[in-house]
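Please keep the sequence and the 3D view at hand while reading.

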Amino acid sequence: MKVKVGVLALQGGVTEHLNHLNQIENVQVAPVKKPEQLNDCNGLIIPGGESTTMRKLIKHYNFTEAIKAFDQQQKVIWGSCAGLILLAAEIEGENNEQLALLNIKVKRNAFGSQLDSFIDKAVIPKVSDSVQELVFIRAPLITEVGQDIDILYQKEGQIAAVENKNIIATAFHPELTKSTIFHQYFVEKVKSLSN
């Protein structure tokens, strides 16, 4: 079964996600620059970048309601780093308008500044049995999760990846590694909800 996956192409690590998706069979890939393009997509990635800038662009280009409608259709969304922040119901110490599609609370830059960026290695059992590189860059931290949220990965007790029925959120950047494992996991989720 072939599915179409869009990458929100307003700001951030768009090319890296597109490159990873293009390595996976039976996936049609498109950068999404207009809300109406979501109508043709089965899945959407909101990439890492600068969350404040992305929030403004999402609002400016009328993506807010389109992404919320996409979620209501039970289509799959994956937010990495800044994407995770935008999907969260709440950000510690902030009161900005959010997409608020995921029942989590996050803390921005929780792992420190750009200088505190690092690469971890871990097995995320639900995603793959093999060790993955996890790239953290000014990464957010998930401080609270709702009852409908499954925790995919914790680093020393700190939550860095979660999912619910149709949304995945990662504090790290799988698109900055050579592996396509996480993108394959996302695509399988898209396929399973597109049947």
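Which residues of α5 are buried? In this predicted model, the buried residues of α5 are Phe-182, His-183, Tyr-185, Phe-186, Val-187, Lys-189, Val-190 and Lys-191. An α-helix has 3.6 residues a turn, so residues three or four places apart point the same way. Helix α5 covers residues 181-194. Its 14 residues should span 20 Å at 1.5 Å a residue, and the C-alpha atoms at its ends are 20 Å apart, which agrees.

**The whole chain**

Along the principal axes, the C-alpha atoms of the protein fill a box of roughly 40 × 40 × 30 Å. A compact globule of 195 residues would have a radius of gyration near 16 Å, and the value for this protein is 15 Å, so the two agree. Of the 195 residues, 53% are buried. Among contacts with a separation of 6 or more, 66% are between residues 24 or more positions apart.

The surface can be described in a few numbers. The protein exposes about 9100 Å², and carbon and sulfur atoms supply 43% of this area. There are 20 positive and 22 negative side chains, and the centres of the two sets lie 5 Å apart.

Leu-21 lies in helix α1, which covers residues 14-21. Is Leu-21 buried or exposed? Leu-21 has a relative accessible area of 0%, so Leu-21 is buried. Leaving aside neighbours within four places in sequence, its contacts are Val-5, Val-7, Val-27, Val-29, Ile-45, His-183, Phe-186 and Val-187. Among these contacts, His-183, Phe-186 and Val-187 are also listed as buried residues of α5. Leu-21 and Phe-186 are 165 residues apart along the chain, and their C-alpha atoms are separated by 9.8 Å.

Helix α3 covers residues 64-72, and its buried residues are Thr-64, Ala-66, Ile-67, Phe-70 and Asp-71. What do the buried residues of α3 pack against? They pack against strands β1 (3-8), β3 (43-46), β4 and β12 (167-170), and against helix α2 (51-60).

Thr-64 can be looked at by itself. Thr-64 counts as buried because its relative accessibility is 14%, and the cut-off for buried is under 20%. Apart from neighbours within four places in sequence, Thr-64 is in contact with Ile-58, Lys-59, Glu-97 and Leu-99.

Most residues other than glycine have a negative phi, and most peptide bonds are trans. Asn-62, in the loop between α2 and α3, has a positive phi near 60 degrees and is not a glycine. Gln-74 follows α3 and lies in the loop between α3 and β4. Gln-74 is not a glycine either, and its phi is positive, about 60 degrees. Asn-62 counts as exposed because its relative accessibility is 59%, whereas Gln-74 is partly exposed, with a relative accessible area of 31%.

Ser-80 lies in strand β4, which covers residues 76-80. With a relative accessible area of 0%, Ser-80 is buried. Beyond its neighbours within four places in sequence, Ser-80 is in contact with His-17, Ile-46, Pro-47, Gly-48, Thr-170, Phe-172 and Glu-175.

Ala-171 lies in the loop between β12 and α5. At 0% relative accessibility, Ala-171 counts as buried. Which residues does Ala-171 touch, not counting residues up to four places away in sequence? They are Cys-81, Leu-84, Phe-136, Ala-139, Pro-140 and Ala-160. Ala-171 and Tyr-153 are 18 residues apart in sequence, and the distance between their C-alpha atoms is 9.8 Å.

The table collects the accessibility of the single residues described above.

| Residue | Relative accessible area | State |
|---|---|---|
| Leu-21 | 0% | buried |
| Asn-62 | 59% | exposed |
| Thr-64 | 14% | buried |
| Gln-74 | 31% | partly exposed |
| Ser-80 | 0% | buried |
| Ala-171 | 0% | buried |

Conventions: Residues numbered from 1 in each chain as written. Predicted model: local features only at pLDDT ≥ 70, side-chain atom pairs only at ≥ 80, totals over all residues. Heavy atoms only, no water. Rg over C-alpha atoms; globule rule 2.2 N^0.38 Å. Buried < 20%, exposed > 50% of the residue type's maximum accessible area, 1.4 Å probe, protein only. Contact = heavy atoms within 4.5 Å. Areas by Shrake-Rupley, 256 points an atom, 1.4 Å probe, with all protein chains shown as cover. Lys, Arg positive; Asp, Glu negative; His and termini not counted. Charge placed at Lys NZ, Arg CZ, Asp CG, Glu CD. Helix = DSSP H or I, 4+ residues; strand = E, 2+ residues; numbered from the N terminus. Expected span 1.5 Å × (residues − 1).
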